[in-house]
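Please read the points in order, with the structure open beside the text.

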Amino acid sequence: MAFFLPGDKKLGVATGRRRYDLPLNKSAGTGFLVLLIALMTFLGVMALAGSFALGSMAHHWSSGLENKLTIEIPADDATGTIRTREDIEKLSESVTERLSAQNFIRDIHALSQTEIQELIAPWLGEDAENIPDMPLPGLIAVEFITINDHLIEKMRADLANIAPNIVIDRHESWLADILRLTGALQFATLLTTLMIGATTIIAIAGAVKSRIAIHRKDVELLHLMGASDRYISRQFQRHALILALQGAAAGAAAGLLGLLAISLFAGDTAAALLPEFQLNMIHIFTLAALPAAACFIAAATAKFTVLRELALMP
Amino acid sequence: MIKFEHVGMRYGVGPEVLSDINFILEPGSFHFLTGPSGAGKTSLMNLMFLGRKPTRGLISMFDQNINDLERAKLARIRRRIGVVFQEFRLLPHLSAFDNVALPLRILGRPEREIRNNVNELLEWVGLGDYMKSLPLTLSGGQQQRVAIARAVIGRPKLLLADEPTGNLDDEIGLRLMNLFDQLNRMGTTIVIATHSQHLMDKFEHPRMVLGDGTLKINAPKNWIQKKIKGVF
Ligand SMILES: Nc1ncnc2c1ncn2[C@@H]1O[C@H](COP(=O)(O)OP(=O)(O)O)[C@@H](O)[C@H]1O
Ligand SMILES: [Mg+2]
């Protein structure tokens, strides 16, 4: 890469516009700055990847549920009398029959008593099977072609004719909770990324300021010899850019390795938690833009810090 | 070329080091600036190379009032001025060659031209063997010659030299005075600050004398006679 030409860092040796009049590359704390930028890039990659994962998780859950709902036939009727299993099975059948005839339904499936027992087993324990008379509700899973409130109201009216206390559960509250949670987490990771950026800016500005302080006499001399502000700021800008390139490259590489490690070691859990999560092109571009942004931030911060200091000179 | 009108200057809240300075320097002139130590020679030089702003009065350089010039234009004026600082102010991490090359690089000259000109000038001031030396490894006199070479390499329109021959023995000092003369004949306006009577006596240049914060210009007798002869 052109930035790493061997002659580049030689003092006083001009190759085109690439030259240092000030021994910036020999300043103390250069290694620290590279390390800092590497760490910040690493953290940025991690935070962004986390945000992408959350986003795709939320998308997956909501798209899986959006056209589905569950119809519940409560175990007791409107007067509070427990329904017999036969009653519930009969009611389920008539609901299924009524709805199968509708053209807006894609799929309908009444859960069997065994399926329902399996569902509640985690709460009641395996012994649930041994309570044959335990009242269980009837559950019917319905998938619409495209769901809307109007269709649901129509269905509610239909079902009220079969039994008055049938419950329609749209998963809405549960889904809304999950989406609110992932949204908040995404916002937090985004905020973290911004904080990382801000910290980097502050650290670089501080480093540039201390370098100007160290070389104040020399900067002043260049200024007195008629060097333009740009001529002087270019040297600091270039210096910051080289440091940032090294740091960002290392940080991005470490970040990608980290992501790879996470997906390898946490493979099973992650797969369960993030079904079908994969980086798409937009994600990859955004992650690649992060080290580029780090370099841009470094160069721009150096430039504006120097220009501000120079503005104080006569 | 340079015009000072009622110029005063103080450092911070201190007393006025210069008060009510008035003078005009014509293009192509050659002046000594003299006065006892602490009279304000270096301070006046600072005003002339735009290293400080006056606390009052008007200064115009190259026919432009510097009080209301933007930064880029001030930089352009500075590039036309060569300065030999009293304490040299060489960049300690740059070789003699790179120190002298600096003004040309700031001017954006091609590297090939820079190499030829800098080599030639350093040879001429007797530092051909010290091109790659860092300033700290050079003697005071050698550093002074590097500083002078740096001031003249860009063929400035105005050369300001603050005690430029203080550390030099007579022979090399004379040689450098001849260099200034030569530049002057090619059109460079020159001001040399010195408190050496010996040096001033050897040349017939008019003297700007600083004392009590003000400035008088004295011309030696034979300089006036020469000018008069030139006129008639
Ligand atoms: N940077 C400065 N800050 C405060 N006072 C200064 C500074 N430079 C010079 N002075 C004071 O200004 C006066 C003139 O100094 P200077 O211009 O260096 O005189 P000269 O060059 O003729 O010896 C002196 O009294 C000196 O103490
Ligand atoms: Mg002085």
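Predicted model: local features only at pLDDT ≥ 70, side-chain atom pairs only at ≥ 80, totals over all residues.

1. Residues are numbered from 1 along each chain as its sequence is written, chains are lettered from A and ligands numbered from 1 in the order in which they are written, and side-chain values use heavy atoms, with hydrogens and water left out.

2. Chain A holds nine helices and four strands, where helices (H or I, at least four residues) and strands (E, at least two) are DSSP runs numbered from the N terminus. Read from the N terminus on, the elements of chain A follow the order α-β-α-β-α-β-α-β-α-α-α-α-α. Of its 314 residues, 42% count as buried, a word that stands for under 20% relative accessible area, with exposed meaning over 50% and partly exposed in between (1.4 Å probe, protein chains only).

3. In chain B, six strands form an open sheet with mixed pairing and the order 6-7-8-3-9-10, two strands being paired if DSSP finds at least two bridges between them. Strand 6 and strand 10 (214–218) of chain B each have a single partner strand and stand at the edges, so one side of each has no neighbour in the sheet. From one strand to the next the twist averages 15°, with axes taken as lines fitted to C-alpha atoms (for helices over the stretch in contact) and angles running from 0 to 180 degrees between N-to-C directions. Strand 9 (residues 207–211) and strand 10 of chain B run antiparallel and are joined by five bridges; Leu210(B) has Leu215(B), in strand 10, as its bridge partner.

4. Helix 1 of chain B is largely enclosed by the rest of the structure, because seven of its eight residues are buried. Among these buried residues are Lys41(B), Ser43(B) and Asn46(B). Just after helix 1 of chain B, Leu50(B) takes a positive phi of about 60°.

5. Which protein atoms are the donors of the magnesium ion (ligand 2)? They are OG1 of Thr42(B) and OE1 of Gln86(B), lying 1.9 to 2.3 Å from the ion. Thr42(B) belongs to helix 1 (residues 41–48) of chain B and Gln86(B) to the loop between strand 6 (81–84) and helix 3 (96–106) of chain B, so that the pair, 44 residues apart, links distant parts of the chain. Thr42(B) is partly exposed at 30% relative accessibility, and Gln86(B) is also partly exposed, at 37%. Donors are N, O and S atoms within 2.8 Å of the metal (3.2 Å for Na, K and Ca), and water is not among the atoms, so sites may look incomplete.

6. The largest cavity has a volume of about 210 Å³ and is lined by 16 residues, with Met225(A), Ile81(B), Gly82(B), Pro103(B) and Arg150(B) nearest its centre. On a 1 Å grid over the protein atoms alone, a cavity is a set of points where a 1.4 Å probe fits but cannot get out, a pocket is an open set with protein on both sides within 12 Å along at least five of seven lines, and lining residues have an atom within 4 Å of a point. Grid points are joined across faces, edges and corners, and a volume is the space filled by probe spheres set on the points. Strand 6 of chain B gives the largest share of this lining, three residues.

7. The second largest pocket holds about 440 Å³ of space, and helix 4 of chain B gives the most to its lining, with five residues.
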